[in-house]
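Try each task yourself before reading its solution.

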Amino acid sequence: MTVLDLPGWAVPLVTSSRAAGEDPGCALDLARQYGTRLPQPGGGQTAGRWAVLAAVSEQNLTAGRVLEAHTDALAILAEAGAPPPDGTWGVFAAEAPPHRLTASAGPGGPVTLTGVKPWCSLAGLLDSALVTAHGPDGRQLYRVSLRDPTVTVDPPEGWVARGLRTVTSVAVRFSGAAAEPVGGPGWYLTRPGFAWGGMGVAACWYGGALGLRTAIAAAAARRGSDLTSMLLGATDISLYGCAAAFGHAASLIDSGAARGAAGELLGLRLRGLVADAAERALRHAGHALGPAPLAFDEEHARRAADLELYIRQHHAERDLARLGSLLTADDGAGAAR
């Protein structure tokens, strides 16, 4: 990597990530061991944080996906002023009808969660989670133990994904689980770190695309083909642009210039740029390498399938429409200058 500089302490993490394969337990062990060492976004070392996520994901997208989710939870808690927690964590904020999670509390009593939360990745293996629920004053974030006896995790049989096969996402059912508010109503979505966390996910996409670039480069070196070299060049250009964009975005975040509408605009631009580059890398790798590595090379086939699923967290045209609306609004136009 060029613009994104990897901290020295992260080298053993990156090396171990490759060996973890698709074992979610190994990935969670690495997240628990190294998670608190990642710099918090906005603290002056945002580029270093993203470099770690990208380097781990370049080796293994399962490990990168797990590390990103765990460290995002730690960053959210730090942003709320909470000390680093123990155990492994997830962030469950997806909404999908007919499921609904409700928070309620009696006069002076504890908050409890009741209902169903969909799309909870690795819920059966995690210790705790940050979840969004609907309370009397609107949607709010809560911390909850997934070991609570009133919490039931659905079995993973419905997870049929070919990418990120072991990072199973299931529904979690809450029957009066004790919970603690994190921030006030609406804080989760309006805090500066919401956009910054989304850019951390993009760093993982970028890392996966770098792995595809390496595969294309190896084929170009073997064949000496102008066509393969052209596809390598096209992939490299788009990823070089992403690296530069990450460096620029990190400097804006660390300087305090990426809050509010400016932060949202920056996040939409960076995520859109990286998602496009990752899709190009997938297409160029397919054209350059053909079907053989998808059929007979376990590591390459897994990386391609993992990245294909992972970048679907980008909302594609919906995010582009949101970006366009910001650019035509007064606040968005000001942030774009």
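Angles under 35 degrees count as roughly parallel, and those over 145 as roughly antiparallel. Keep these cut-offs at hand, and remember that this is a predicted model.

**Exercise 1. How are helix 1 and helix 3 oriented to each other?**

Step 1: Find helix 1 at residues 11–20 and helix 3 at residues 46–59.
Step 2: Read the geometry: their axes are 8 Å apart, and the packing angle is about 30 degrees.
Step 3: Compare with the cut-off: an angle under 35 degrees counts as roughly parallel, and therefore helix 1 and helix 3 are roughly parallel to each other.

**Exercise 2. Now work out how helix 4 and helix 6 are oriented to each other.**

Step 1: Helix 4 covers residues 61–79 and helix 6 covers residues 193–223.
Step 2: Their axes come within 10 Å and cross at roughly 165 degrees.
Step 3: Angles over 145 degrees count as roughly antiparallel, so this is how helix 4 and helix 6 run relative to each other: roughly antiparallel.
Step 4: The crossing of helix 4 and helix 6 is right-handed.

**Exercise 3. Describe helix 7 and its contact with helix 8.**

Step 1: Check the length. The 30 residues of helix 7, at 1.5 Å a residue, should span 44 Å, and this agrees with its end C-alpha atoms, which are 44 Å apart.
Step 2: Look at both ends. At the start of helix 7, a side-chain oxygen of S225 comes within 3.2 Å of the backbone nitrogen of L227. Just after helix 7, G256 has a positive phi of about 85 degrees.
Step 3: Bring in the partner. Helix 7 (residues 226–255) and helix 8 (residues 260–289) have axes that come within 9 Å and cross at roughly 160 degrees. That makes helix 7 roughly antiparallel to helix 8.
Step 4: Helix 7 and helix 8 cross in a left-handed way. The residues of their contact divide into 16 nonpolar, six polar and one charged.

**Exercise 4. Which parts does the pair of W50 and F246 tie together?**

Step 1: The structure holds four aromatic pairs.
Step 2: One of them, W50 with F246, is edge-to-face, with 5.4 Å from centre to centre and 65 degrees between the planes.
Step 3: W50 lies in helix 3 and F246 in helix 7, so the pair ties together parts that are 196 residues apart in sequence.

Notes:
Residues are numbered from 1 along each chain as its sequence is written. This is a predicted model: local features need pLDDT of at least 70, side-chain atom pairs count only at pLDDT 80 or more; totals for chains, interfaces and linings use all residues. Side-chain values use heavy atoms; hydrogens and water are left out. Axes are lines fitted to C-alpha atoms, for helices over the stretch in contact, and angles run from 0 to 180 degrees between N-to-C directions. Helices (H or I, at least four residues) and strands (E, at least two) are DSSP runs, numbered from the N terminus. Angles under 35 degrees count as roughly parallel, over 145 as roughly antiparallel, 65 to 115 as roughly perpendicular and the rest as oblique. A crossing is left-handed if the near helix is turned anticlockwise from the far one by less than a right angle, and right-handed if clockwise. Ala, Val, Leu, Ile, Met, Phe, Trp, Tyr, Cys and Pro count as nonpolar, Asp, Glu, Lys and Arg as charged, and the others, Gly among them, as polar. The expected span of a helix is 1.5 Å times one less than its number of residues. A polar contact is a pair of N or O atoms within 3.5 Å; within protein, one must be able to donate a hydrogen and the other to accept it, and residues adjacent in sequence count only if both atoms are side-chain atoms. Rings of Phe, Tyr and Trp (its six-membered ring) pair if their centres lie within 6.5 Å; planes under 30 degrees apart count as stacked, over 60 as edge-to-face and the rest as tilted.
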